[in-house]
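Here's a walk through one model, from a single helix out to a chain-chain contact. Have the structure open while you read.

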Amino acid sequence: MAGYLVRRILGALLVMWAVATLVFFMMRAVPGDPLAAMMFDSGDPAAAEDLRKALGMDVPLVEQYARWLWQLLHGNFGTSIYGSQAPVRQLLAEALPRTLSIAGLSFVVACIIAVPAGIVAAMRKNSPADNALTLVAFLGLSMPDFWFAILLIILFAANLQWLPAIGYSPLSEGFWPWFSHLIMPAIAAGTTFAAIIARMIRSSMIEVLKTDYLRTARSKGLLTWRILLVHALPNALIPVVTVMGIALALMLAGTVVVENVFAIKGLGRTLIEGILNRDYPVVQGAILAVSAIFIGSNLVVDLLYTVIDPRIRYS
Amino acid sequence: MTDHHDRSAPPEVAAMQAAWDDAHDFDPRDPLVGLSRAEMSGPQISRRGVLRLMAAAGTLTAAHLLPAGPARAQGKAGGTLKCGWAGVGQITTLDPARMNQVLQFQITSNVLSGLTHINADLIAEADLARDWELSADGTEYTFNLREGVTFHNGEPFTADDVLFTYERSKNPAVSIHSRALGNVKGIEKLGPHKVRFKLAGPQASFLVKTTERSSGRVLTILNKAAIDKLGEAAHGMMPVGTGPFRITQHTLGQSVVLEKFDRYYDPERPKLDRVQIQPILDAEPLAAAIEAGDIQLIGGGQIAPELIDRLVANKDLVVTAQASPGFESIWLNPHRDPFKVSSFDKPIAELMKEKGFMVRLAIAKALDRELFIKQAEFGRGTPAHGSINPAMAFYFDKELAKTSLQRFDLAEAKKLMAAAGYPDGKGFPRLKVLLTPPMRRQVEVVRAILKRNLGIEMEPVVKDIPVALDEFSTMEWDMVRIGSGGDYDPDDAIVDWMQTSSLFNGQKRDKAKYPFGYFSDKEADALIEQQRVEGNLEKRRDLVRKADRITSDKVASAFLYHPATILIHRKSVNFPDVSRIPALVDLDRTTLA
Amino acid sequence: MDQSLTVPPSAAHPAAIADDLPPPARQRWLRPFKTDRKAQFGVVVLVLLLVCAVFGPMLSPYDPTETSFDLTLSPPSLSHPLGVDDLGRDVLSRLIVGAQVSIVVGLSTVAISLVIGVTLGLLAGYFGGWIDFVVMRYIDLQWAFPNFIIAVYMVAVFGTGLWNVIIAVSLAYLDDFARIARGMVLTIKQEQYIDAARTVGCSHWRILLRHVLPNAGAPLIVQATVSVSYAILAEAGLSFLGLGVDADTPTWGLILAEGRTFISRAWWLGVFPGLFIMLTVLSINFVGDALRDALDVKETG
């Protein structure tokens with residue numbers, strides 16, 4: 001077990017390093033000079049050169065890379081070069097709770113829709129109830145999420161005025177301000193994954209229902225909702241756990257568009273704005289954060305899985 | 001352009017009539033409009049002087065004669081104002097040396113001060129300067145500084161701060177606006193509250209372009225101790241100034257929080273306790289936020305024009321439009337066919353014989369600007385025929401719309417196209433037009449108009465702003481859709497855009513290949529230089545208009561429109577007229593009902 | 001925006017769907033379409049869509065680029081059933097032509113990522129060794145980036161425009177195909193008939209193309225079906241961020257992104273393109289689900 005763990009963590013670190021390297025060089029392949037836009041108004045080429053020097057962007061790329069990697073190993077992500085010059089670490093620290101809040105809540109939303117939908121779909125295949133629930137689960141997956149988000153805003157903020165239209169309020173300022181700002185983003189991002197999770201639950205429920213014990217119960221007409229929820233569901237959820245982990249990680253990325261609509265500066269928007277402004281350190285930092293979450297959750301899920309289901313060997 | 005409709009009690013009609021009569025009581029042939037040089041010196045150019053100048057320019061309206069100042073204070077002091085800043089995802093910096101967007105100036109104008117500040121008529125008024133004196137030769141400005149002014153960090157404001165700001169702004173490695181100090185030879189401290197600026201030559205725009213606080217001008221006063229203590233980066237996010245509000249929190253991409261500065265030099269201001277500013281990138285959520293009352297006022301960038309009518313219809317909201325200080329153009333590359341013009345330095349009659357010029361003029365003449373404004377901006381804006389905008393009321397030339405060679409005339413445009421060898425657009429190449437993402441809709445309208453009017457096709461190429469700006473300055477393009485904002489003084493338009501050596505005029509071009517950028521005309525260059533140093537406002541105005549006319553007739557660009565500034569707030573917000581400075585959102589007199 | 005259904009290689013798990021033994025091939029394909037209402041609905045919508053795409057120019061009542069400024073923002077009427085947009089263009093005509101473009105985007109994206117992804121996956125699975133190592137590390141690497149972020153990045157590199165968007169989205173999603181193909185090859189390689197073919201002296205290419213690929217087909221078909229819907233949604237998301245196709249090519253995503261600010265003023269601009277996208281994606285998913293059931297594809301991709 002320990003050896004397996006060490007190997008997996010080493011492997012994850014290796015991938016992280018590769019990601020970091022790839023992003024470093026690929027970002028610089030993007031056409032567009034971050035300093036050009038900043039210095040456009042000065043009209044002074046010498047000033048742009050000075051700034052380039054001050055930011056250490058005048059040395060060969062390999063040297064820049066080495067410097068950046070060295071800094072990274074010391075936990076220093078550098079500073080934003082476009083405008084703010086804020087430390088990237090601070091930007092990430094601010095963005096992370098926002099994105100995690102959205103992702104966490106949308107996960108809850110997804111489960112609220114998906115678990116009943118999946119169970120009913122497995123129990124009563126092609127019944128009207130199955131069709132209705134599947135439709136609901138799939139609607140989220142089928143709507144472009146920015147559109148869905150705008151429809152929500154128009155209904156719940158502009159017309160009904162139940163919820164704030166935009167923005168984020170940290171948890172430290174109270175539960176309701178935090179929660180009310182997140183309801184719509186969570187619905188917009190969460191329904192996307194409801195279909196995926198519902199489909200997983202449905203198929204693994206069908207598997208579980210085929211086990212002798214439940215098949216017997218079913219044939220004798222003894223299959224009650226209690227048996228279903230207490231015995232069948234937990235077993236059915238085992239394979240689903242893996243997908244839920246992945247879905248959570250995917251939701252982090254899925255919040256990109258939603259964050260843009262709701263004016264919440266989370267990881268996704270930090271990343272997009274970084275790419276648009278050619279703000280290299282910010283993009284590098286944000287990508288590392290996103291992929292760390294991806295790789296990390298992947299790892300945790302794998303380990304969790306071996307705990308839940310001992311049949312899986314550490315290979 | 002201002003359309004305020006909620007005027008309450010009419011002012012004393014007699015006083016208004018008297019002011020009107022006095023303003024017009026001059027000999028129209030007198031270049032100084034009956035004003036003395038003393039009236040042009042500060043604490044502000046006298047009100048009488050301003051009115052006379054406007055009357056002379058024909059821009060004086062009854063609205064200008066309403067009593068100035070926060071006369072109609074409807075709300076009480078106190079409270080929190082929540083604002084949304086349109087079209088922006090994050091306020092990247094608030095350091096005046098680094099800012100280049102109006103939506104940033106709008107915030108710092110509430111936090112930082114300059115020696116002068118423009119008023120709603122774009123006239124410089126005393127701010128941190130108590131008053132000033134101009135030497136007879138027009139090259140020395142001596143400022144008496146306001147005493148008892150305190151920075152947000154508690155430091156007293158003295159002449160040393162002006163010196164520090166000057167040194168900092170002069171350094172091109174620190175300030176992107178350092179060029180604006182090009183005409184300043186030096187600064188001298190005459191006492192703890194007295195400084196003198198020595199200019200290399202007279203500069204008419206000095207008080208509006210150099211010492212003004214708002215639009216990222218070079219002499220927005222900062223405090224050395226504050227920068228040393230916070231460091232450049234942190235200070236750039238939360239600069240320390242002497243303004244009515246101080247920044248207490250700046251969460252990048254989320255909000256900027258301003259709080260009332262208790263020791264502001266004017267105890268009457270500000271009225272609000274707190275202002276919260278949220279950047280909101282997408283248009284629909286912004287509109288929903290003000291409808292729902294999550295925010296009470298919209299500032300920042302341009303609001304999607306299609307949403308404005310909906311907000312106008314909302315009874316809880318007040319929407320006012322005002323001429324915005326800027327111009328928007330379509331630039332035609334004179335180094336490429338079919339717009340090729342080897343030199344603009346010849347009389348119009350001769351230029352008119354060149355095919356490239358015919359095409360340039362044909363495109364400019366085929367631009368149905370009224371239709372464009374109706375279709376693309378839903379009726380808000382003013383047709384442009386030159387770079388001088390209507391917000392600069394005194395300099396703006398209304399006649400240009402009627403007399404410019406660029407004025408809309410479809411028959412003439414078609415004739416020119418035919419003469420250039422492209423009858424009904426036949427054989428005309430499909431040209432690429434470079435634009436930034438926010439311009440997409442506008443360019444679609446321009447395409448449709450030119451296709452219908454001249455039968456020519458354009459292919460839009462959308463590039464992110466950093467890439468587009470870079471490409472624009474290399475002159476490697478057919479057509480570009482770009483424009484200027486925050487032009488409070490004629491220098492911002494003609495010096496920055498229309499001279500051969502202008503800031504934006506093909507700075508990064510291959511100078512061996514292209515002798516000039518998008519435009520170069522010796523006569524215009526000379527006129528622009530003359531107006532820059534002309535101290536007499538009347539004479540300056542004439543020079544500005546002459547230069548504007550040449551750039552218009554010779555099609556430096558196909559001028560499209562002057563945008564409107566739209567201010568939207570809820571009824572509960574009282575935003576007095578005196579604060580309605582074009583393109584700014586000064587909240588020092590704003591109250592909540 | 002990122003709706004990958006894929007599970008990373010390490011997290012694959014068994015979960016078959018079919019209740020009984022699989023019936024003969026042709027019946028297997030058709031059976032769910034006979035009973036499953038959702039699948040029937042999907043097929044009908046997709047057939048209509050294909051008709052639109054193929055006969056688009058003939059069906060559309062107006063020239064989709066023709067601007068009539070007098071008609072700007074006219075609501076739906078008999079002459080303009082889905083209304084007129086902000087530049088005076090007929091919305092229905094634009095959506096019909098948009099169907100063509102969106103289908104081109106969807107199909108070419110999937111074709112590109114299918115060909116590249118499957119080639120990589122087949123080579124890795126079949127030959128193993130260093131090829132497998134390299135391909136797998138690449139897939140791991142791509143897995144560490146959310147697909148949609150990759151697409152955004154690629155558009156930043158290539159610039160906007162129809163084909164740039166297609167390339168960007170297909171590169172972003174090709175790892176799904178590679179992973180499935182590799183997994184299938186690893187399973188099929190154990191089968192006796194592959195051994196037999198090898199002993200008979202068949203070349204590697206012949207074995208891969210004639211024996212392995214056809215047997216790996218079912219899950220790939222399912223994945224390809226569903227991927228078309230990702231491509232359509234990804235294109236819409238890119239258009240929303242201003243990173244989509246040029247204004248010249250009216251994809252549904254672009255029409256919707258441009259129409260969204262009119263949604264409260266001229267609802268037909270903000271609602272119809274969204275409905276078209278939603279119905280299409282929904283139908284693709286229903287058909288994909290039915291295929292999955294029919295072909296007995298495990299719920300991993």
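## A helix in chain A

Start with helix H6 of chain A, residues 128-142: its 15 residues reach 20 Å from first C-alpha to last, close to the 21 Å expected at 1.5 Å a residue. That expected span is 1.5 Å times one less than the number of residues. Helices here are DSSP runs (H or I, at least four residues), strands are E runs of at least two, and both are numbered from the N terminus.

A quick word on the ground rules: this is a predicted model, in which local features need pLDDT of at least 70 and side-chain atom pairs count only at pLDDT 80 or more, while totals for chains, interfaces and linings use all residues. Residues are numbered from 1 along each chain as its sequence is written, with chains lettered from A and ligands numbered from 1 in the order in which they are written.

Which residues of H6(A) are buried? They are Leu133(A), Thr134(A), Ala137(A), Phe138(A), Gly140(A), Leu141(A) and Ser142(A). Buried takes 20 or more other C-beta atoms within 10 Å of a residue's own, exposed is 12 or fewer, and partly exposed is in between, with C-beta atoms placed from the backbone. The buried residues of H6(A) pack against helices H5 (88-123) and H8 (175-209) of chain A, and also against H2 (37-59) and H10 (267-295) of chain C. Contact, here and below, puts two such backbone-placed C-beta atoms within 7 Å.

## Two helices crossing in chain C

In chain C, the axes of helix H3 (residues 91-127) and helix H6 (residues 162-189) come within 5 Å and cross at roughly 35°. Axes are lines fitted to C-alpha atoms, for helices over the stretch in contact, and angles run from 0 to 180 degrees between N-to-C directions. The contact of H3(C) with H6(C) divides into 20 nonpolar, 7 polar and 5 charged residues. Nonpolar covers Ala, Val, Leu, Ile, Met, Phe, Trp, Tyr, Cys and Pro; charged covers Asp, Glu, Lys and Arg; the others, Gly among them, are polar.

## A sheet in chain B

Chain B has 20 helices and 21 strands, and 57% of its 593 residues are buried. In one open sheet, 4 strands line up as E4-E5-E7-E6 with antiparallel pairing; strands pair if DSSP finds at least two bridges between them. E4 and E6 (184-191) are the edge strands, each pairing on one side only. The twist averages 20° from one strand to the next. Helix H5 (residues 159-170) of chain B packs on the sheet, touching E5, E6 and E7, and its direction makes about 165° with that of E6(B).

Now zoom in on E5(B), residues 140-145. Antiparallel E4(B), residues 129-134, joins E5(B) through 5 bridges, and Trp132(B) stands opposite Phe143(B). The two strands form a hairpin with 5 residues between them, where Gly138(B) in the turn has a positive phi of about 75°.

Another 5 bridges join E5(B) to antiparallel E7(B), residues 194-199. There, Thr142(B) partners Arg196(B), and Tyr141(B) partners Phe197(B).

## Where chain B meets chain A

This contact takes 40 residues from chain B and 45 from chain A. On the chain B side, H9(B) gives the largest share, 6 residues. That side divides into 18 nonpolar, 13 polar and 9 charged residues.
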